[in-house]
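I opened a new notebook page for this chain. My plan is to look things up one at a time and write down what I find.

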Amino acid sequence: MEYKEIYIKEDFIRLDSALKLANLVVTGGHAKIVIQNGEVKVNGEICLQRGKKLKINDKAEFENKGIVIKNAG
């Protein structure tokens with residue numbers, strides 16, 4: 001799987017925000033639904049927490065698309 005890099009300046013980004021930033025979902029509401037439905041994996045495991053804090057080098061996957069969090073600093 002190919003991972004799109006998401007660059008952040010903070011210590012973390014919320015899972016729902018990361019999915020929106022990567023254009024994997026259209027809205028925050030869409031992110032909430034797919035996360036609650038168990039369609040999103042974080043570091044290889046299904047994650048049901050939309051507020052999950054993704055830190056540098058964490059990976060998330062949805063619909064065979066992946067993102068990896070990188071440091072923009």
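This is a predicted model: local features need pLDDT of at least 70, side-chain atom pairs count only at pLDDT 80 or more; totals for chains, interfaces and linings use all residues.

My entries below go from the sheet to the core and then to the charged residues.

**Entry 1**

I found an open sheet of five strands in the order 1-7-6-3-4, and its pairing is mixed. Strand 1 and strand 4 are the edge strands, each pairing on one side only. I wrote a reminder beside this: strands of a sheet pair through backbone hydrogen bonds, either parallel or antiparallel.

**Entry 2: strand by strand**

I started with strand 1 (residues 3-8). It pairs with strand 7 (residues 65-71) in the parallel sense, over six bridges. Here Ile8 stands opposite Asn71 of strand 7.

Next I checked strand 6 against strand 7. These two run antiparallel and are joined by four bridges. Lys59 faces Val68 in strand 7 across this pairing. I also looked at how the chain gets from one to the other. Strand 6 and strand 7 form a hairpin, with two residues between them. In that turn, Glu63 has a positive phi of about 50 degrees.

Lys41 has Ile46 of strand 4 as its bridge partner.

**Entry 3: the core**

Which residues have the most contacts inside the largest nonpolar core? I found Leu15, Leu19 and Leu54 in a core of 20 residues. I then asked which elements supply it. Strand 1, helix 1, helix 2 (28-36), strand 3 (40-42), strand 6 and strand 7 each give at least two residues.

**Entry 4: the salt bridges**

How many salt bridges does the structure hold? I counted two. One joins Asp16 to Arg14, with the closest N and O atoms 2.8 Å apart. The other joins Arg50 to Asp16, where the closest N and O atoms are 3.4 Å apart. This second pair links distant parts of the chain. Arg50 sits in the loop between strand 4 (45-46) and strand 5 (53-54), Asp16 sits in helix 1 (residues 15-21), and 34 residues separate them. Because the salt bridges share partners, Arg14, Asp16 and Arg50 make one network.

I checked the exposure of each member. Asp16 is buried, at 6% relative accessible area. Arg14 is partly exposed at 36%, and Arg50 is partly exposed at 33%.

**Entry 5: Glu61**

I turned to Glu61, which lies in strand 6 (residues 59-62). Why does Glu61 have no salt bridge? The nearest side chain of opposite charge is Lys41, 5.1 Å away.

I looked for another partner and found Tyr3. The side chains of Glu61 and Tyr3 are joined by a polar contact of 2.7 Å. Beyond four places in sequence, Glu61 touches Met1, Tyr3, Glu39, Val40, Lys41 and Gly66.

Terms used
Residues are numbered from 1 along each chain as its sequence is written. Side-chain values use heavy atoms; hydrogens and water are left out. Buried means under 20% relative accessible area, exposed over 50%, partly exposed in between (1.4 Å probe, protein chains only). Lys and Arg count as positive and Asp and Glu as negative; His and the chain ends are not counted. A salt bridge is a side-chain nitrogen of Lys or Arg within 4 Å of a carboxyl oxygen of Asp or Glu. A polar contact is a pair of N or O atoms within 3.5 Å; within protein, one must be able to donate a hydrogen and the other to accept it, and residues adjacent in sequence count only if both atoms are side-chain atoms. Contact means heavy atoms within 4.5 Å. Two strands pair if DSSP finds at least two bridges between them. A nonpolar core is a set of buried Ala, Val, Leu, Ile, Met, Phe, Trp, Tyr and Cys residues joined through side-chain atoms within 4.5 Å.
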